Amino acid sequence: MYEPIRAKSVHTMAGTADFPHRSREEELDIQLAGHLAALLTVTDELRGLAPSADLEVAAERLAEQVARLRGGRPPVHASGAADDEPRVAALHQRAHTLAGRALVVAASRADTAAAILSAERMDAHAAAAEPQALTSH
């Protein structure tokens, strides 16, 4: 009544030796490095628009963590632009979001150093965006 299946199902797992697999830990390292590198890029933009000692220190610490997660390869730093207050506020909001994402990944892989740095950056960007939000109303 039914014709037998002659070909392998598309849902059948292919041979596992066909391509390299990464562990969950390696995948989380890659994801965390990506979030921290994105946060570093936004931090570099903020340094160009509104330089501060806090942003300088944050950029150094972020670069160290990204290099650690990437096996010693240092990240590329972005160059800044001219002062633009609305852009600065948007960058602080973006940095806060990226730091939050990095915090979630760091917590899931139990990376205390990256989690602390991410939480500190969230606080700093929330505080930096707060006065600008109050003056814009």
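Student: Where is Ala 110 found?
Tutor: Ala 110 sits in the loop between H3 and H4. Helices are DSSP runs of H or I with at least four residues, strands are runs of E with at least two, and both are numbered from the N terminus. A word on the source: this is a predicted model, where local features need pLDDT of at least 70 and side-chain atom pairs count only at pLDDT 80 or more, while totals for chains, interfaces and linings use all residues. Residues are numbered from 1 along each chain as its sequence is written, and side-chain values use heavy atoms, leaving out hydrogens and water.

Student: Why is Ala 110 called exposed?
Tutor: Buried means under 20% relative accessible area, exposed means over 50%, and partly exposed is in between (1.4 Å probe, protein chains only). Ala 110 has 65%, so it counts as exposed.

Student: And what makes the phi of Ala 110 worth a look?
Tutor: Its phi is positive, about 60°, although Ala 110 is not a glycine. Most residues other than glycine have a negative phi. H2 is followed by another positive phi, near 70°, and that one belongs to Gly 71.

Student: What pattern does the chain follow along the sequence?
Tutor: It goes α-α-α-α, with four helices and zero strands. Buried residues make up 32% of the 137 residues.

Student: How do you know that the span of H2 is close to the expected one?
Tutor: The expected span is 1.5 Å times one less than the number of residues. H2 (residues 53-69) has 17 residues, giving an expected 24 Å, and it reaches 25 Å from its first C-alpha to its last.

Student: What makes His 125 buried?
Tutor: Its relative accessible area is 1%, so His 125 is buried. His 125 is in helix H4 (residues 112-135). Leaving aside neighbours within four places in sequence, its contacts include Leu 39, Leu 55, His 92 and Ala 95.

Student: Why is H1 called roughly antiparallel to H3?
Tutor: Axes are lines fitted to C-alpha atoms, for helices over the stretch in contact, and angles run from 0 to 180 degrees between N-to-C directions. Under 35 degrees is roughly parallel, over 145 roughly antiparallel, 65 to 115 roughly perpendicular, and the rest oblique. The axes of H1 (residues 24-49) and H3 (residues 85-108) come within 9 Å and cross at roughly 160°. That is why H1 counts as roughly antiparallel to H3.

How values were computed: Contact means heavy atoms within 4.5 Å.
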